[in-house]
Amino acid sequence: MKNIILPLIAMLFVFTACTNDENQSVNSNAALVGNYVLSTLTADVAVDLNQDMVTNTELTVETNCFDAMAISFNADGTFSSTIAEVSFDAANNLICNTSVESGTYSYANGTLTITVNINGGTATESQQVLLTPTTLSFNVDDNDVAQYFSGAAGTPASGITNLDFVYNKI
């Protein structure tokens, strides 16, 4: 169950600093309500996921696998999220799998709490977050990178230890 929930939880946690008036932090369920689409997914090292002999730290340039990643927070406290997980075949060709997860959320005093419906049960996690009116951003470290790149050892993704996600509110 933890293998399914960690990518979703990571998608929902925000760890960015704000520098201008538009990006002042907000703090209520109402501020979180809306639809968000992944705009950038940046790795800490340049990789060649599509095997075109060109490396890039921006993974959305390397593959369209992450194009479907999105989160919808509803006014009734429910959410749904489309998650992508990359794996590789024996020839290191990228395989992309997506799934949709759903559950409930609350956001108060800088803490986002989600309860995810998984395999007939639920799992609840809380995390301190920072949200701007236009973006939802977060960082995933080496402990959780494997949740996005299944079996990465020996693959083009094996050097990635940090991922920065930026979602734009639409």
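These legends describe close-up views of one predicted protein model. Residues are numbered from 1 along each chain as its sequence is written, and side-chain values use heavy atoms, with hydrogens and water left out. Because the model is predicted, local features need pLDDT of at least 70 and side-chain atom pairs count only at pLDDT 80 or more, while totals for chains, interfaces and linings use all residues.

View 1. Helices (H or I, at least four residues) and strands (E, at least two) are DSSP runs, numbered from the N terminus. Along the sequence the order is α-α-β-β-α-β-β-β-β-β-β-α-β. The chain has 170 residues, and 40% of them are buried. Buried means under 20% relative accessible area, exposed means over 50%, and partly exposed lies in between (1.4 Å probe, protein chains only). The chain exposes about 8,000 Å², and carbon and sulfur atoms supply 48% of that area. Accessible areas come from the Shrake-Rupley method with a 1.4 Å probe; for residues, only the protein chains shown count as cover. A contact means heavy atoms within 4.5 Å. Among contacts with a separation of 6 or more, 62% join residues 24 or more positions apart.

**View 2. Four aspartates form a negative surface patch.** The members are Asp-44, Asp-141, Asp-142 and Asp-164. Patches are made of residues with over 30% relative accessible area and no salt bridge; like charges are joined within 9 Å, and nonpolar side chains (Val, Leu, Ile, Met, Phe, Trp, Tyr) within 5 Å. A salt bridge is a side-chain nitrogen of Lys or Arg within 4 Å of a carboxyl oxygen of Asp or Glu. Asp and Glu count as negative, Lys and Arg as positive; His and the chain ends are not counted. The place of a charge is NZ of Lys, CZ of Arg, CG of Asp or CD of Glu. Asp-44 belongs to strand β1, residues 34-47. Asp-44 counts as partly exposed because its relative accessibility is 37%.

**View 3. Val-45 sits in strand β1.** Its relative accessible area is 31%, so Val-45 is partly exposed. Beyond its neighbours within four places in sequence, Val-45 contacts Asn-56, Thr-57, Gly-159 and Ile-160. Ala-157 is 112 residues from Val-45 in sequence, yet their C-alpha atoms are 9.2 Å apart.

**View 4. Asn-50 and Gln-51 lie in the loop between β1 and β2.** Strand β2 covers 56-58. Asn-50 is partly exposed, because its relative accessible area is 34%. Not counting residues up to four places away in sequence, Asn-50 touches Val-61 and Glu-62. Asn-50 and Glu-62 are 12 residues apart in sequence, and their C-alpha atoms are 5.6 Å apart. Gln-51 is not a glycine, but its phi is positive, near 55°. With 36% relative accessibility, Gln-51 counts as partly exposed.

**View 5. Asn-119 lies in the loop between β6 and β7.** Strand β6 spans 111-118. Asn-119 has a positive phi of about 45°, although it is not a glycine. Asn-119 is exposed because its relative accessible area is 70%.

**View 6. Glu-125 is found in strand β7.** This strand runs over residues 121-128. Glu-125 has a relative accessible area of 37%, so it is partly exposed. Thr-113 is 12 residues from Glu-125 along the chain. The C-alpha atoms of this pair are separated by 5.7 Å.

**View 7. Tyr-167 is a buried residue of strand β9.** Strand β9 takes in residues 162-169. Tyr-167 counts as buried because its relative accessible area is 0%. Phe-138 is 29 residues from Tyr-167 along the chain, and the two C-alpha atoms are separated by 8.9 Å.
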